[in-house]
Amino acid sequence: MKKLLLGLVGLSAALASCGVTVDVGGPVTITALNSYTTDWYRNVADGNGGTKPEYVICDNRNTTVLMDVSWVGTLAQLDVRFEGSQGGVLPKSTGQFSPDSSGNDVFSYVFGPNMAPLSFKKSGLSAQALKAQAIIVNPVNKGTTFVTISGYTPSGIMSNELKAPQGIPVVDCL
């Protein structure tokens, strides 16, 4: 036992002298998709005789989807899977970014025309830091895209998967 302990101390000293650090940070847990917005919306009944905005993906126009995500731990990558109600799937990752333990941030994804999973034809989705400017539309319904998010720690440990409680309507905007 003493030889094993001495060996571990020696190995630690050797690694320390080389300037090597080992990240043994804890896991990251995605706790909520607090909200999503897009730069397009339509007015829908609010149940009280009025209307409220419902954010949509315009399948025939560029659409930015902003997602407000919360987590516990240190996040270094966010993956999003957009799944269409008609079977299309479009995975997208932010790629590695500076480790963030703030617990909340807004991530954005841009869909080009015909990029929603309902009508997936070619690559063209990109993560960007944009602010949406909502535009009211009178759309033609095509279906719904559902969102599942997961994250990674700086050392590559995957978090839980979190499915958004509701989908994003996909429409052709007029």
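**View 1. E54 and R42 pair up in a salt bridge between two strands.** In this predicted model, the closest N and O atoms of E54 and R42 are 2.6 Å apart; a salt bridge here is a side-chain nitrogen of Lys or Arg within 4 Å of a carboxyl oxygen of Asp or Glu. E54 sits in strand β3 (residues 51-55) and R42 in strand β2 (residues 40-45), so the pair ties together parts that are twelve residues apart in sequence. R42 is buried at 15% relative accessibility, while E54, at 25%, is partly exposed. Buried means under 20% relative accessible area, exposed over 50%, and partly exposed in between, with a 1.4 Å probe and protein chains only. Strands (E, at least two residues) and helices (H or I, at least four) are DSSP runs, numbered from the N terminus.

A note for all the views: residues are numbered from 1 along each chain as its sequence is written, and side-chain values use heavy atoms, with hydrogens and water left out. Because the model is predicted, local features need pLDDT of at least 70 and side-chain atom pairs count only at pLDDT 80 or more, whereas totals for chains, interfaces and linings use all residues.

**View 2. K142 forms a salt bridge with D59.** Their closest N and O atoms are 2.6 Å apart. K142 belongs to strand β11 (residues 140-152) and D59 to the loop between β4 (57-58) and β5 (63-72), so this contact ties together parts that are 83 residues apart in sequence. D59 is buried, with 0% relative accessibility, whereas K142 is partly exposed at 30%.

**View 3. R81 meets E161 in a salt bridge.** Here the closest N and O atoms are 3.3 Å apart. R81 comes from strand β6 (residues 77-84) and E161 from the loop between β11 and β12 (162-163), so the pair ties together parts that are 80 residues apart in sequence. Both partners are partly exposed: R81 has a relative accessible area of 25%, and E161 is at 43%. Elsewhere, salt bridges that share partners join D59, K142 and D172 into one network. Five salt bridges turn up in a search of the whole structure.

**View 4. The largest nonpolar core has 24 residues.** Such a core is a set of buried Ala, Val, Leu, Ile, Met, Phe, Trp, Tyr and Cys residues joined through side-chain atoms within 4.5 Å. Look for M67, V69, L78, V80, F82 and V147, the residues with the most contacts inside this core. At least two core residues come from each of β1 (29-38), β5, β6, β8 (104-111), β11 and β13 (168-172). Strand β5 gives the most, with four residues. In soluble globular proteins, nonpolar side chains tend to be buried together.

**View 5. V147 has neighbours from several parts of the chain.** Leaving aside residues up to four places away in sequence, V147 touches L33, M67, V80, R81, F82, L162, K163, A164 and I168. A contact means heavy atoms within 4.5 Å.

**View 6. C58 and C173 form a disulfide.** Their sulfur atoms are 1.7 Å apart, and a disulfide is called for a pair of cysteine sulfur atoms within 2.5 Å. This pair links distant parts of the chain, with C58 in strand β4 and C173 in the segment after β13, 115 residues apart. The link is left-handed, with -70° about the S-S bond. C58 and C173 are both buried. A search of the whole structure finds one disulfide.

View 7. For the protein chain, the average pLDDT is 80, and 73% of the residues score at least 70.

Methods. pLDDT = per-residue confidence, 0-100.
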